[in-house]
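The sequence and structure come first.

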Amino acid sequence: MSLTRRGLLTLAGVAAAAAGCGRASDGPGTGRLLTSKALPARFTAPLPIPAIARPVRVTADADHYVLTQKAADVSLLPGRTTRIWGYDGTFPGPTLRVRAGRPAVVTMRNELPVPTSTHLHGGVTPPDSDGFPTDLTVPRGYSPAPPTARQVHDVSRDYRYPNNQRAATLWYHDHRMDFTGPQVWRGLLGLYQITDPREEALPLPRDDRDLPLMICDRAFEEDGSFAYPSHDMAMHRPGARGQFVTGVFGDVILVNGAPWPRHEVDAARYRLRLVNASNARRYRLALEAGGKRLPMIQIGSDDGLLPAPITHTEIIVTPGERYDVVVDFAALPIGTEVTLVNDFGIGTTAEVMRFAVARKAADDSRVPDRLVPAAEPPLTTADAVTERQFDFRYDEGRWTVNRQLYDPAGSLATPRLDTVELWRFTSDFHHPVHVHLAHFQVLSRSGRSPEPWETGWKDTVDVRPYETVEVLAKFAGHRGKYMLHCHNLEHEDMAMMANFDVI
Ligand code: C2O
Ligand code: CU
Ligand code: CU
């Protein structure tokens, strides 16, 4: 850990560092970790595509999957081995691909040395399967039982996912109280794709022209192991001003587990499912070829397809967010290299991966003018039955929501099932605010329109320093205890979370 940057921060320093909002995010003292050995060459590793999980059993009412959380030694960097904690021992874990309306039961076996809780991010999931931070699955021989646990399962448990929701790119990850940051950093993350017949009927690029890109930054020690600040609780103590108060940043960008990969593509349309699975890093992504930016045709956001496509040249993706875009490589000469760049990075973090246009090919895909039927008008303030404010703030050395640290037994709101509420998020810093269960639409950003890509159904929103972001959230599917929190995983671990009860 000798090469990690350390230093105490004041709130002024924190705000200036403004995680990901500019170059300062890579400066010293902002929680950036440096890989201690020479970095691997960029754009040489092939892009891995995570394996698709196969059901172990198909019954009348559900598809059954088994995933084992375990340590494994894998090669993420050339010539080095990294001990990961992964679902089925892979980084990222297997992709679950399910159809809307068809339930899945996922048995999670814990063969790690630590308790876990698994959350399906974006899932409309019953509360007891939602990965509540104190619903722990405890490995064999682990003692003592965690005193704060709400539920304890020995070794394995079943998560029930009804999948009664739109076609969308979700992801699953660890959600253990106080340890989400380190456990996700070590590899407890994977993709979960929901399809539905309406989406399947669209002429969008498919099969190997439908690429998930799960992007996360990591830092490595000389021996190939992950670098992460001390896992002890000192940084979580109220009043502790940890050096990682801004979150933890690495200098190696992984896409589907490979550092700055290179992927050969046909001169054709591709669907790219952009997922920011980083602990704390924000990206402004663009596709660049020969100094020009390619249009990205956005077709979806976190929780479903947009009514109609929208074209951008850049998209800001904050931790937890997903954006679904189509890119057309057909107009580019064979041999063109297209780089996925990150405007918010410097040095090694300014580039993410590269596409190489390798060959001409037939392409019968297209992006239709309408993606979902007009039957679903956007929510308006008139739909909201009530308004609530959640203030995300650094308060006396602690990351708080409404000036409170997380209390697993507490609750800040009681929305009624099948209603819409206007939720107002205010902030002193960058906080990617994520709401469990409820999908929302972004209404405004400090009184102005949201960013052009922040349309459609979402569950995570980029709340920036001193901004007020209003969303219209629809509480549907289940009653019970859920949570909202900052998806900067270190902020989350420092208790920047709150519960709400759907009644
Ligand atoms: Cu993706 Cu509660 O988290
Ligand atoms: Cu979630
Ligand atoms: Cu935060």
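## Aromatic pairs

There are 17 aromatic pairs in the structure. Rings of Phe, Tyr and Trp (its six-membered ring) pair if their centres lie within 6.5 Å; planes under 30 degrees apart count as stacked, over 60 as edge-to-face and the rest as tilted. Tyr161 and Tyr192 form an edge-to-face pair, because their ring centres are 5.7 Å apart and their planes stand at 80°. This pair links distant parts of the chain, 31 residues apart: Tyr161 belongs to strand S9 (residues 156-161) and Tyr192 to strand S11 (residues 189-195). Strands are DSSP runs of E, at least two residues long, numbered from the N terminus. Tyr161 and Tyr192 are buried, that is, under 20% relative accessible area with a 1.4 Å probe, protein chains only.

The rings of Phe220 and Phe226 have centres 5.3 Å apart and planes at 35°, so this pair is tilted. Phe220 and Phe226 are both buried.

## An open sheet

Five strands make an open sheet in the order S26-S25-S27-S31-S29, with mixed pairing; strands pair if DSSP finds at least two bridges between them. Strand S26 (398-401) and strand S29 (439-445) each have a single partner strand, so one side of each lacks a neighbour in the sheet.

Strands S25 (residues 384-395) and S27 (residues 419-427) run parallel and are joined by eight bridges. Asp391 stands opposite Thr426 in S27.

## Basis

This is a predicted model: local features need pLDDT of at least 70 and side-chain atom pairs 80 or more, while totals for chains, interfaces and linings use all residues. Side-chain values use heavy atoms, without hydrogens or water, residues are numbered from 1 along each chain as its sequence is written, and chains are lettered from A and ligands numbered from 1 in the order written.

How values were computed: Helix = DSSP H or I, 4+ residues; strand = E, 2+ residues; numbered from the N terminus. Buried < 20%, exposed > 50% of the residue type's maximum accessible area, 1.4 Å probe, protein only.
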